[in-house]
Amino acid sequence: MAAPSRLISRLTLVTGGGSGIGRAVCQRFASEGASVVVADLSEASAIETLGSLSCDQRGQDHMASVVDVSSKESVENLVTSIQCRYFQPPSVCVNAAGITQDDFLLRMQEEHFDRVVQVNLKGSFLVTQAVARALVSCGAPKGSIITVGSIVGKVGNIGQANYASSKAGVEALSRTAAKELSRSGIRCNCVLPGFISTPMTEKVPEKVISKMTSLVPLGRMGEPHEVADVCAFLASDDSSYITGASIEVTGGLFIG
Ligand code: NAP
């Protein structure tokens with residue numbers, strides 16, 4: 001079945017667009033008619049995603065850009081470069097950039113705690129703030145900012161004190177942004193994936209993956225496109241009355 005075309009004429013920004021879930025979001029948005037800015041730390045992977053994007057609608061114009069979401073200067077340069085090229089800020093933004101640096105709490109180094117929080121939480125803050133500021137200052141009538149959190153931000157996870165804390169933080173950030181930005185027509189929501197097959201989970205030992213998969217009611221890991229489907233819904237007007245929400249995409253893991 002062909003994808004719906006809910007994002008025609010929308011300019012969209014996806015951080016972490018060079019890999020995994022971010023790449024699937026870029027592909028889904030492009031297939032729904034959006035112009036996509038693929039932003040990633042790695043220029044090569046952003047360009048690879050760019051090369052995979054469909055361009056069926058007239059006026060679709062994608063670009064790849066390097067960004068370090070943990071750097072205010074880098075994020076501001078990104079938003080400025082988008083406005084220079086398209087003469088508008090992105091009306092849809094997905095914060096998908098993220099990292100893990102796992103270790104048990106008793107062994108976790110301070111630098112690893114700080115780095116994960118800097119990329120996952122502060123990065124989402126910097127991007128959300130820069131995009132929202134640009135939308136408000138140009139008087140855009142609406143926007144949708146989607147942040148990829150994680151189910152472990154709700155339930156915790158062994159070896160992920162830094163990551164789980166950062167993901168709990170992004171949910172609070174998104175809910176607060178939803179309250180503050182609703183008057184400007186900007187909706188802010190989270191998706192909370194469970195275990196999704198991406199380069200990030202390739203690092204997890206097979207034994208742990210099998211144990212986690214056995215706990216998933218749907219009996220398998222998720223695919224990046226299944227998270228992208230929810231992002232496309234939250235980006236589109238089909239979710240026009242949803243803000244401050246978190247949608248779990250977990251195959252039922254940790255229900256209740
Ligand atoms: P992934 O394949 O590793 O993709 C993450 C992307 O973010 C990579 O392209 C990475 O670039 C980029 N990135 C890292 N640091 C960055 C920075 N400072 N600035 C800009 N880009 C940066 O992982 P994924 O599984 O798709 O994860 C996407 C999001 O989903 C993350 O926020 C993750 O926490 C979340 N999530 C994933 C799962 C899962 O099971 N996979 C579950 C819950 C939540 P490099 O490769 O160059 O570092």
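This is a predicted model: local features need pLDDT of at least 70, side-chain atom pairs count only at pLDDT 80 or more; totals for chains, interfaces and linings use all residues.
Residues are numbered from 1 along each chain as its sequence is written, and side-chain values use heavy atoms, with hydrogens and water left out.

On a 1 Å grid over the protein atoms alone, a pocket is an open set of points with protein on both sides within 12 Å along at least five of seven lines, a cavity is a set where a 1.4 Å probe fits but cannot get out, and lining residues have an atom within 4 Å of a point. Points are joined across faces, edges and corners, and a volume is the space filled by probe spheres set on them. The lining of the largest pocket comprises 47 residues, of which Thr100, Gln160, Tyr163, Met200 and Thr201 lie nearest its centre. Two or more residues each are given to this lining by α1, β2 (35–40), α4, α6 (161–181), α7 (199–202) and α8 (206–215), helices (H or I, at least four residues) and strands (E, at least two) being DSSP runs numbered from the N terminus. The lining divides into 24 nonpolar, 15 polar and eight charged residues; Ala, Val, Leu, Ile, Met, Phe, Trp, Tyr, Cys and Pro count as nonpolar, Asp, Glu, Lys and Arg as charged, and the others, Gly among them, as polar.

The second largest pocket has a volume of about 220 Å³. Of its 17 lining residues, Arg10, Ser91, Pro141, Lys142 and Gly143 lie nearest the centre, and the lining consists of seven nonpolar, six polar and four charged residues.

One cavity of 30 Å³ or more is counted. The largest cavity holds about 30 Å³ of space and is lined by Thr15, Val69, Asn95, Ala97, Val119, Gly123 and Ser124. Helix α4 (residues 110–137) gives the most to this lining, with three residues.

Helices α1 (residues 20–31) and α9 (residues 224–235) pack at an angle of about 50°, with their axes 8 Å apart. Contact (heavy atoms within 4.5 Å) involves Gly20, Ile21, Ala24, Val25, Arg28 and Phe29 of α1, together with Pro224, His225, Val227, Ala228, Asp229, Cys231, Ala232 and Ala235 of α9. By class, this contact has ten nonpolar, two polar and two charged residues.

Terms used. Axes are lines fitted to C-alpha atoms, for helices over the stretch in contact, and angles run from 0 to 180 degrees between N-to-C directions.
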